[in-house]
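These are my notebook entries on a single protein chain.

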Amino acid sequence: MMTVDSVEDHSPDADITFTKADLRDVVPHDNDPIVISLVTAGRKVHRVLGDQGSSADVMFWPAFNKLQLSLDHLRPYPGCLYGFAGDQVEVRGYIELRTTFTDGTVARTEKIKYLVVNAPSAYNILLGRPSLNRLGAVPSTRHMKLKFPSMEGAVITIKSDQKEARHCYENSLKQQRSVCHVTSTPPPDVDEKRSEVAVPGGDRRSPERGTPRT
C-alpha cells in the first residue's frame with residue numbers, strides 16, 4: 001500500500017458544535033454533498049468535494065492545467081489507482097501547495113499534497129481524510145457546513161455551495177461511481193485492505209464549467 005505522506009495532528013483544540021442556527025440558510029435536501037471553495041496556487045478553486053471516503057487529497061488534471069501549474073513541480077508517485085474492474089487511472093504525480101480555507105472572517109493555511117490524476121470528474125479537487133484530519137475538520141451534511149479550528153483556536157465555518165453540490169452530484173450519477181485503490185502493482189482481484197480513493201465520474205460539463213475561477 002502506498003501513501004503520499006503521513007499526517008501529523010497539529011490542529012489546535014476547539015469545541016466544535018452544530019446548532020439550529022446552522023440550519024437557517026440550508027435548503028432542504030436528501031443527498032447534497034459538501035462542496036466548498038478554497039484558495040490554492042493563488043487562485044480560488046470551486047467544486048471541491050469534502051470526501052471522507054477518500055484516503056488521499058486528489059486534484060484532477062483539468063484543474064491542474066487551469067491553475068497553470070508547472071509540470072516541473074510534479075513529483076513522481078510510485079503508486080497507481082485501480083478501479084474494481086481493474087481499470088487503471090493515470091497518476092501524473094503529486095504536488096504540494098499552500099492552500100487557504102476561509103469563511104470570510106477567519107482563515108487558515110496548510111500545505112496539502114495533492115495526488116494529480118487524469119480521470120473524469122464533476123469536481124476539481126477531492127479533499128480527503130489526510131487534509132480533513134490535518135485541519136481537525138468536522139463536516140455535517142445535514143447542516144451543509146464544514147467546521148474546523150483556526151490556528152488561534154477560533155472556529156472556521158465554511159458553507160457548502162448547495163447549487164454547485166447538486167450540479168456535481170447529478171453529474172457524478174450519470175455513470176457508475178468508480179472507486180479506485182492506491183496500489184503499486186495491478187491487482188489480480190480487488191483487495192479490500194487497499195486504500196480507497198473515490199473518483200466520481202460522469203463529468204459532462206462544458207470547458208467553462210467546473211474549472212477553477214479567480
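Entry 1: The model is a predicted one, in which local features need pLDDT of at least 70 and side-chain atom pairs count only at pLDDT 80 or more, while totals for chains, interfaces and linings use all residues. Residues are numbered from 1 along each chain as its sequence is written, and side-chain values use heavy atoms, with hydrogens and water left out. I note that helices (H or I, at least four residues) and strands (E, at least two) are DSSP runs, numbered from the N terminus. Two strands pair if DSSP finds at least two bridges between them. S1 and strand S2 (residues 43–50) pair over five bridges in the antiparallel sense. The two strands form a hairpin with two residues between them. In that turn, Ala41 has a positive phi of about 55°.

**Entry 2: a further partner of S1.** Which strand does S1 run antiparallel to, joined by two bridges? I found strand S5 (residues 88–102). Here Val39 stands opposite Thr100 in S5. For background, I recall that strands of a sheet pair through backbone hydrogen bonds, either parallel or antiparallel.

**Entry 3: the sheet of S8, S9 and S10.** I then turned to an open sheet of three strands, with the order S8-S9-S10 and antiparallel pairing. Strand S8 (138–140) and strand S10 (155–159) stand at the edges with a single partner strand each, so one side of each has no neighbour in the sheet. Neighbouring strands of this sheet are turned by 20° against each other on average, direction ignored; axes are lines fitted to C-alpha atoms, for helices over the stretch in contact, and angles run from 0 to 180 degrees between N-to-C directions. Strand S9 (residues 145–149) and S10 pair over five antiparallel bridges. Pro149 has Val155 in S10 as its bridge partner.

**Entry 4: salt bridges.** I counted a salt bridge where a side-chain nitrogen of Lys or Arg is within 4 Å of a carboxyl oxygen of Asp or Glu. By this rule there are seven salt bridges. One of them joins Asp25 and Lys159, whose closest N and O atoms are 3.1 Å apart. This pair links distant parts of the chain, with Asp25 in the segment before strand S1 (35–40) and Lys159 in strand S10, 134 residues apart.

Are these two residues buried or exposed? Buried means under 20% relative accessible area, exposed over 50%, and partly exposed in between (1.4 Å probe, protein chains only). Asp25 counts as partly exposed because its relative accessibility is 39%. Lys159 counts as exposed, at 53%.

Next I looked up Arg166 and Asp32, whose side chains meet in a salt bridge (2.8 Å, N to O). Arg166 lies in helix H3 (residues 162–172) and Asp32 in the segment before S1, so the pair ties together parts that are 134 residues apart in sequence. Arg166 is partly exposed at 31% relative accessible area, whereas Asp32 is buried at 8%.

A further salt bridge is that of Arg108 with Glu110, where the closest N and O atoms are 2.9 Å apart. Both Arg108 and Glu110 are buried. I also noted that salt bridges with shared partners join Asp25, Lys145 and Lys159 into one network.

**Entry 5: Asp22.** Asp22 is found in the segment before S1. This residue is buried, with a relative accessible area of 10%. Its side chain makes a polar contact with the side chain of Lys147 (3.0 Å). A polar contact is a pair of N or O atoms within 3.5 Å; within protein, one must be able to donate a hydrogen and the other to accept it, and residues adjacent in sequence count only if both atoms are side-chain atoms. Contact alone means heavy atoms within 4.5 Å. Leaving aside neighbours within four places in sequence, Asp22 is in contact with Thr17, His143, Lys145 and Lys147.

**Entry 6: Gly128.** Where does Gly128 lie? I located Gly128 in the loop between strand S7 (125–127) and helix H2 (129–135). Gly128 is buried, with a relative accessible area of 0%. Its C-alpha atom is separated by 6.9 Å from that of Gly53, 75 residues apart along the chain. Not counting residues up to four places away in sequence, Gly128 touches Asp51, Ser54, Ala56 and Asp57.

**Entry 7: confidence.** Finally I looked up pLDDT, the predictor's confidence in each residue, from 0 to 100. The chain averages 81, and 73% of the residues score at least 70. Over residues 202–211 the pLDDT is below 50, and this stretch has 24 contacts in the model beyond near neighbours in sequence.
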